[in-house]
Amino acid sequence: MWHTLLTVVGVTAAAIAFTLAAGKALAARREPAFPVRLAASSLFSAGIVFLLGTPAVYSAVDAAFGAPHLAALLGNAAGLLCVGHAHLMAMLWDPGHRGGGALRRTVLAWAPLYAGTILALVVLYALADPAGGTRPLLFAPDYVDSPQVVAFHLVTFAALIVAIRATVLRCRALLAPQGPPLSPRLRRCVREFALAIALELAHVGCVAAAMIGAACGLGLDGLAEAAWLATAVSGLVAHCSLVRLSLAARRQERRDHQTLRPLWQTVVRADPRLVLAPGLLWGGWDTRIALSRRLVEIRDGARSLSPWMSSAPARAVEQLARRGLLGFDLVAAQAAATLLYAADARGEGRPPTDSDMLLAALPGEDVPAAAERAHLVLVARHLDNPVVLEALAMARRERSAAGAGRR
């Protein structure tokens, strides 16, 4: 019954991890960003750990290679790599460590620990040369009389404790009041992530207790087997927090895509050629691709309106702001009014704006690339703002008065 539970949990967790890893791998092909590739690799490593933690797979690996408890070596190495992925992920959440130089220094500083530990495990396993029958998940208590096996596990414990401590401390630094600014969702994710990584210490405690019990003649085999269950729980909690953060980002992308629709319609309605050609069929289900296409089309549409961009709407918004009106962002309101005015002028067939009234650049055009999406979403939300509508009315009255004066 106990082995059945371990098998069900291990296979289920592995299936979830491999499915998510496949999804992240596909995302990494479309967007080859390092955090996406890191998440895919982490999920794949976790899936291997979960799979090796099932008694049936554990025994099958040993039988296939004719090496008793080979699955323990592979599982410990994969588990250490999972913690290494988590350690690096926590580093990437800190804006100060996202640069190439800082990230490279971090990897170079910690790579010897992980690589050296895995090499030491391989050597100690080879020196121990376990033989005889294999009881799944019980490498530690079954060979407690072997100095090499004891050293094998002590090296694993030491590396895990050092890596887990560094990861948890990094997460605590992110959550500290003086830490970098994090969104509420990311703060929650970091908190759960730190808890999940700390749970891996339960694996260390269970295996150590089973070894001590075996040395004292006590039958604590269940603790050694439960250690893999603790690892599965730790991995699932950590990756569920990451998945929830990713799903929240997808929901925000869908909301932004919908919010941008009126702005998109405004700037492309007079020139359908601005709409990009349809991509692959499956790409239409990807919110990030759809949002990126919409942002590109809005940028192109805004540039096509530049000959009709008059400075009058932006001045009118500024005049209304000086009157003390509240509830709007000045730059976003100016951009919205300018685009609406230019789109109407082009749609009515009016000639381009005179050079003395031509706007040199759309308000907010100089925002950093990382803030462009948020800026355009804000502009879209201002399209029906009362201040923007009043500024448009003022600019149109000014245009009508100027036309009547010329006549």
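**Aromatic pairs**

I searched the whole structure, which is a predicted model, and the search gave 5 aromatic pairs. I looked up one of them, F18 with F44: the pair is tilted, at 5.7 Å centre to centre and 55° between the planes. F18 belongs to helix α1 and F44 to helix α2, so this pair ties together parts that are 26 residues apart in sequence.

**Helix crossing**

Next I took α9 and helix α11 (residues 287–304), whose axes come within 9 Å and cross at roughly 35°. I noted the crossing of α9 past α11 as left-handed. Which residues make the contact? On the α9 side I listed R250, E253, R254, D256 and H257, and on the α11 side T287, R288, A290, L291 and R294. I then sorted the contact of α9 with α11 by class and got 2 nonpolar, 2 polar and 6 charged residues.

**Largest pocket**

I then turned to the largest pocket, which holds about 1,500 Å³ of space. I found that 36 residues line this pocket, and that W93, L245, S246, A249 and R288 are the closest to its centre. Which elements give two or more residues to the lining? My list reads α1 (2–30), α2 (34–52), α4 (70–92), α8 (184–215) and α9 (221–259). Of these, α9 gives the most, with 11 residues. By class, I recorded 21 nonpolar, 7 polar and 8 charged residues in the lining of the largest pocket.

Notes
Residues numbered from 1 in each chain as written. Predicted model: local features only at pLDDT ≥ 70, side-chain atom pairs only at ≥ 80, totals over all residues. Heavy atoms only, no water. 1 Å grid on protein atoms, 1.4 Å probe; cavity = no way out; pocket = protein on both sides within 12 Å on 5 of 7 lines; lining within 4 Å. Points joined across faces, edges and corners; volume = space filled by probe spheres on them. Helix = DSSP H or I, 4+ residues; strand = E, 2+ residues; numbered from the N terminus. Nonpolar A, V, L, I, M, F, W, Y, C, P; charged D, E, K, R; others polar. Axes fitted to C-alpha atoms, helices over the stretch in contact; angles between N-to-C directions. Left-handed = near helix turned anticlockwise from the far one by under 90°. Contact = heavy atoms within 4.5 Å. Phe/Tyr/Trp six-rings, centres within 6.5 Å; stacked < 30°, edge-to-face > 60°.
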